[in-house]
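Keep the 3D view open as you read.

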Amino acid sequence: MLPLVLLDRRLSKLGAQLMRRSIVFTMIAIVIVVSPSPAQAWTRPGHMAVAAIAYRELARDHPLIVDKIVTLMADHPEPGPFEVAIGRAEGRARAERIFLEIARWPDDVRRSEYDHPTWHYRFRPVIDSAAPPPAPPPYAASGSASEALALNIGMARNPRASNAERAVALCWIFHIVGDVHQPLHAAELFSSRFPEGLGHYLSRKARPTRLGRAPMPISHRRR
């Protein structure tokens with residue numbers, strides 16, 4: 001493992017490069033895997049595409065981190081989806097398929113004990129000035145994506161967490177980073193047609209499980 005001083009320098013340099021490229025997965029993976037010591041408009045293919053970018057960046061610049069992530073995922077508590085994704089692939093093809101499943105896994109386990117509907121979005125209110133709501137509601141951001149990202153980064157870096165817990169956390173980190181870069185997971189329209197918000201309308205008409213769940217639990221598994 002790298003000394004913390006050298007790691008901080010490497011992360012700082014890499015962070016600057018990622019800001020220029022608008023690629024965030026690489027830095028997150030490095031923070032999680034290299035330093036674990038104490039010191040639905042966005043579709044599954046969309047998440048897999050983002051994971052493919054992350055994989056290619058890491059495989060080119062930090063292949064050892066790819067190996068560490070692949071090793072960690074061997075302890076994932078839900079191995080079935082990964083086994084299906086891997087199939088008969090070997091070597092780097094196998095590693096890339098694992099990355100793709102990491103990113104989509106939170107969508108694959110919807111309505112299971114690992115499902116957290118509010119972790120997928122962070123809606124900020126957008127008011128339609130041409131057709132505003134008849135009465136201004138108490139506009140506020142909704143969804144727990146920001147808090148969930150911080151929670152899972154903490155879990156992934158916690159040296160006392162099990163490998164299974166860290167593997168689940170890494171899946172959520174990949175997934176949330178993809179979600180929050182999708183405009184329909186980051187904003188909610190309020191207008192005369194949607195006075196209570198477009199998300200509220202969708203939750204009643206099309207996606208009854210999307211909104212309105214209990215506050216975010218402190219662990220991955222529902223109690």
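Start with helix 7, where Ala-145, Ala-148, Asn-152, Met-155 and Ala-156 are buried. Buried means under 20% relative accessible area, exposed means over 50%, and partly exposed lies in between (1.4 Å probe, protein chains only). Seen down the axis of helix 7, these buried residues fall within an arc of 95°, so they line one face of the helix. The arc is taken from the directions that run from the helix axis to the C-beta atoms. An α-helix has 3.6 residues a turn, so residues three or four places apart point the same way.

The model is predicted: local features need pLDDT of at least 70, side-chain atom pairs count only at pLDDT 80 or more, and totals for chains, interfaces and linings use all residues. Residues are numbered from 1 along each chain as its sequence is written, and side-chain values use heavy atoms, with hydrogens and water left out.

Helix 7 covers residues 145-157, which is 13 residues. From first C-alpha to last it reaches 18 Å, close to the 18 Å expected at 1.5 Å a residue. That expected span is 1.5 Å times one less than the number of residues.

What does helix 7 pack against? Its partner is helix 8 (residues 163-180), at an angle of about 150° and with the axes 8 Å apart. Axes are lines fitted to C-alpha atoms, for helices over the stretch in contact, and angles run from 0 to 180 degrees between N-to-C directions. The crossing of helix 7 and helix 8 is left-handed. A crossing is left-handed if the near helix is turned anticlockwise from the far one by less than a right angle, and right-handed if clockwise. Helix 7 brings Ala-145, Ala-148, Leu-149, Asn-152, Ile-153, Met-155 and Ala-156 to helix 8, where they meet residues including Trp-172, Ile-173 and Ile-176. Contact means heavy atoms within 4.5 Å. By class, this contact has 12 nonpolar, 1 polar and 2 charged residues. Ala, Val, Leu, Ile, Met, Phe, Trp, Tyr, Cys and Pro count as nonpolar, Asp, Glu, Lys and Arg as charged, and the others, Gly among them, as polar.

Now turn to helix 4. Ile-65, Val-66, Ile-69, Val-70, Leu-72 and Met-73 are buried there. They cover an arc of only 160° around the axis, which puts them on the same side of helix 4. Leu-64 and Thr-71, on the other side, are exposed.

Helix 4 (residues 63-73) packs with helix 6 (residues 91-108) at about 65°, axes 10 Å apart. This crossing is left-handed. Helix 4 contributes Pro-63, Val-66, Asp-67, Ile-69, Val-70 and Met-73, and helix 6 contributes Arg-92, Arg-94, Ala-95, Ile-98, Phe-99 and Ile-102. The contact has 9 nonpolar, no polar and 3 charged residues.

Next comes a loop. Val-109 sits between helix 6 and strand 1 (124-127). Is Val-109 buried or exposed? Val-109 is buried, with a relative accessible area of 7%. Beyond its neighbours within four places in sequence, Val-109 is in contact with Tyr-114 and Asp-115.

Arg-111 lies in the loop between helix 6 and strand 1. Arg-111 is exposed, at 66% relative accessible area. Its phi is near 70°, a positive value in a residue other than glycine. Most residues other than glycine have a negative phi.

Finally, step back. The chain has 9 helices and 2 strands. Helices (H or I, at least four residues) and strands (E, at least two) are DSSP runs, numbered from the N terminus. Of the 223 residues in the chain, 42% are buried.
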